Amino acid sequence: MKHSAIFVATIAALAQSASAHYIFSKLVVNGEISNDWQYIRQTTRSENYMPTKFTSTFDNLTPNDNDFRCNLGSFTNAAKTEVAEVAAGDSIAMKLFYDASIAHPGPGQVYMSKAPSGNVQQYEGDGEWFKIWEKTICNENGDLTKDAWCTYGMSQFEFEIPANTPAGEYLVRAEHVGLHGAQANEAELFYSCAQIKVTGSGNGSPSLTYKIPGLYNDSMKLFNGLNLWTDSADAIESDILDTPIGDDVWMTGWFAEEDYMLHESSDQH
Ligand SMILES: *[C@@H]1O[C@H](CO)[C@@H](O)[C@H](O)[C@H]1NC(C)=O
Ligand SMILES: [Cu+2]
């Protein structure tokens, strides 16, 4: 699909563009859906749901820019964006603007970054990021241009704040990558950041961290070279592994659970 930077301002065009594209604007905590941009930093883009790309990108924004952290201009809205309190180990969700659902094929992931000063409303996201959630191909025999991808059709990403996350204020960045233009270096990235305050007594430390920008580059075949119509699921999975999207998530909850199960079974002996 082609995207024009020139936006035809008719209701029909708005509705169509809004349904094809998406941005996370609502936070769901304890089953309660927030207002748009209450806890998620609002971008200053004129069409907030336009994708970021390496080439032919809207507003000149690319994954090589600082604003690839939380979307264009969103730091200027940080101080007026509220901070949601979430206990480590709890699940929350980031939900799309307009109740849209994801209609592009590709992986979805969630990264977090702790505000070193303790105040996320003043944090630009220039510190370390770690990944807490990842969804790639769920059905290798499905249509790789559509519903082979776990996130296809989702209207929100639901994920757990790892139980060992230390207390403090964090950015939580949800991202979806549409790979339908990757053969022409036009993978589409949709993302924004929530501001949360993690409570509890977690004392974990993520083993893999990243900087944004730097997370992705256009030498990675996933964004520039992969072809959903001709590549096999195996080849695509291998391209994913060559990027941070293929790295393991920091998932202390799972390890904690496994430890628990090991203890439980050894107790029976
Ligand atoms: C792109 O990222 C890969 C993996 O981190 C790295 O090996 C490579 O040097 C980077 N390329 C550029 C042009 O930055
Ligand atoms: Cu698109």
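Okay, a definition to start: helices (H or I, at least four residues) and strands (E, at least two) are DSSP runs, numbered from the N terminus. With that in hand, let's take Tyr 98, which is found in the loop between β4 and β5 (108-114).

Before going on, the model is a predicted one: local features need pLDDT of at least 70, side-chain atom pairs count only at pLDDT 80 or more, and totals for chains, interfaces and linings use all residues. Residues are numbered from 1 along each chain as its sequence is written, while chains are lettered from A and ligands numbered from 1 in the order in which they are written.

Back to Tyr 98. Its phi is near 65 degrees, a positive value in a residue other than glycine. Most residues other than glycine have a negative phi, and most peptide bonds are trans.

You'll find Asn 185 in the loop between β8 (168-178) and β9. Asn 185 has 14 other C-beta atoms within 10 Å, so it is partly exposed.

And the peptide bonds? One cis bond joins Ile 212 and Pro 213, with omega about -5 degrees. Pro 213 sits in the loop between β9 and α2 (233-241).

Now for the strands. Two strands pair if DSSP finds at least two bridges between them. Strand β1 (residues 24-29) runs antiparallel to strand β4 (residues 91-96), and five bridges join them. β4 also pairs with strand β7 (residues 156-160), again antiparallel, over five bridges.

Next, the core. A nonpolar core is a set of buried Ala, Val, Leu, Ile, Met, Phe, Trp, Tyr and Cys residues joined through C-beta atoms within 7 Å. The largest one here has 68 residues, and those touching the most other members are Val 110, Met 112, Tyr 170, Leu 171, Val 172 and Ala 194. Which strand gives the most to this core? That's strand β9 (residues 188-199), with seven residues.

Let's look at a loop residue, Arg 41, between β2 (32-33) and β3 (84-87). Arg 41 counts as buried because 28 other C-beta atoms lie within 10 Å. Contact means that the C-beta atoms of two residues, placed from the backbone, lie within 7 Å. Skipping neighbours within four places in sequence, Arg 41 has contacts including Cys 70, Ser 74, Ser 192 and Cys 193. Arg 41 and Asn 71 are 30 residues apart in sequence, yet 8.4 Å apart in space, C-alpha to C-alpha.

Last stop, helix α2. Ile 236, Asp 239 and Ile 240 are buried there. Why do we say they share a side? They cover an arc of only 105 degrees around the axis, which puts them on the same side of α2; the arc is that of the directions from the helix axis to the C-beta atoms. On the other side of α2, Asp 234 and Leu 241 are exposed.

Conventions. Buried ≥ 20, exposed ≤ 12 C-beta atoms within 10 Å, placed from the backbone.
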